[in-house]
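Colleague: I am new to this structure. Please take a close look at the aromatic side chains and go through them in one connected answer.

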Amino acid sequence: MFSLVRENIRIAFDSIRGQLLRTILTVLIIAIGITALVGILSAVSALETTISSDFSSMGANTFNIQRYEFTARRQAGERQKVNPIISYQNIRDFEDQYKYPFTKTSVSFTGTSIAEVKFENEKTDPEVTVIGANENFIQNSGLKVDQGREFNALEVDNNSNVCIIGSDLVKALFKEDNPIDKTISIRGFKFKVIGALESKGSTFGNNQDLRVIMPLQKARSIFTNSNINYALSIMVEKKELLDQAQDDAIITFRNIRGLNPIEDNNFGMERSDDLINRIGAITGVLSTAAWIISIITILGSSIALMNIMLVSVSERTREIGVRKALGAKQSTIAFQFFIETIIIGQLGGILGMILGILIGIGFASAVDFQFTMPWSAMIWASVITFIVAIISGSYPASKASKLDPIESLRYE
């Protein structure tokens, strides 16, 4: 039995080598469909993993007040609604008025994203982001201090010249040295490093490890632009109070903005878990599109594979007649053509998976996403190519096994 199977596999490979060009074209057609499936699902997985990890680090019990909604977009012909910035007075009023229990409010703003940071004879390129923040910013943003400590409320209120730096700054300025208690220079101002953050990586090309976080009041004394837009982040310690805390925050901020009951909010409100769910919905649509594209392509490859096997049966009619005359059973002839179809299908599937993974890696590298191996897509690709081979090979194998040996020997 095993020797017969081995012989049929050998014959199948000999046949594939004998019609190499047609086989290559068929393999490529199958591979295109599998590449589309694995490649798109790889890219979607990288997108979902990276963005979800960024937002989930904020915690499911955190919400933000910002200038615009995350999904704000215009309909055709609709004028864009311009919301006023969240000013320093707004955030001061909010801190004074918002007293919901078990909450911590973080205030921050981006002073610049093109700062140059110096330490002794070392300096960075002008690409460092400087953030002014209060004592709750680190915790509310899901950041973690790897070395040193966070700054406290006293340091924020007293304009202390202290800062916390990202992991890439540690590597660039201090090499293997401990950065804690070292003094760096930003725009001519000296700051003592009291903490270094754990690495966060990049999102959409934005390096989150190239940043300096300093006390809010000190940052305001350096970056004096009157049009600075602030951000508020509120963390609720008890998750069951999140909805009530958010409703209370909306009412408080509407009162600060002076909105009457019939006016829409002129600010955005976002929860981290809402963003994650929205991203999941978007990636779900992309995954569905990948499946539709792949199924259409794979349907075409099934027809091509069946066609090449029917041609193979016609070309090898005399061979089939000789094998039957020598005593080959119908099942043996059918198995020979069936195994040939499966081999071609699996070659196409393997090539498609390799190309799809390379596309996923290339996409993740191009946009600084975290690549994850699409195991489910690869399993489905293997199953699909096997099913395609069974469907495409059944009729040609059946036709070959039912040929009359005498008529086959007369075939020219």
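Modeller: F94 has a relative accessibility of 0% and therefore counts as buried (under 20% relative accessible area; exposed is over 50% and partly exposed lies in between, with a 1.4 Å probe and protein chains only). The model is predicted, so local features need pLDDT of at least 70 and side-chain atom pairs count only at pLDDT 80 or more, while totals for chains, interfaces and linings use all residues. Residues are numbered from 1 along each chain as its sequence is written, and side-chain values use heavy atoms, with hydrogens and water left out.

Rings of Phe, Tyr and Trp (its six-membered ring) pair if their centres lie within 6.5 Å; planes under 30 degrees apart count as stacked, over 60 as edge-to-face and the rest as tilted. The model has six aromatic pairs by this rule. One of them is the tilted pair of Y88 and Y230, with 5.8 Å between the centres and 50° between the planes. Y88 belongs to helix 3 (residues 88–97) and Y230 to the loop between helix 7 (216–222) and strand 13 (231–236), so this pair ties together parts 142 residues apart in sequence. Helices (H or I, at least four residues) and strands (E, at least two) are DSSP runs numbered from the N terminus. Y88 is buried because its relative accessibility is 16%, and Y230 is buried because its value is 4%.

F94 takes part in another pair, with F253: the ring centres are 6.1 Å apart and the planes stand at 65°, so the pair is edge-to-face. Here too distant parts of the chain are linked, as F94 is in helix 3 and F253 in helix 8 (residues 242–257), 159 residues apart. F253 has a relative accessible area of 0%, so F253 is buried. F94 and F253 also belong to one aromatic cluster together with Y98 and F267.

K238 lies over the face of F102, at 4.2 Å from the ring centre.

Conventions
Lys NZ or Arg CZ within 6 Å of the ring centre and 35° of its normal.
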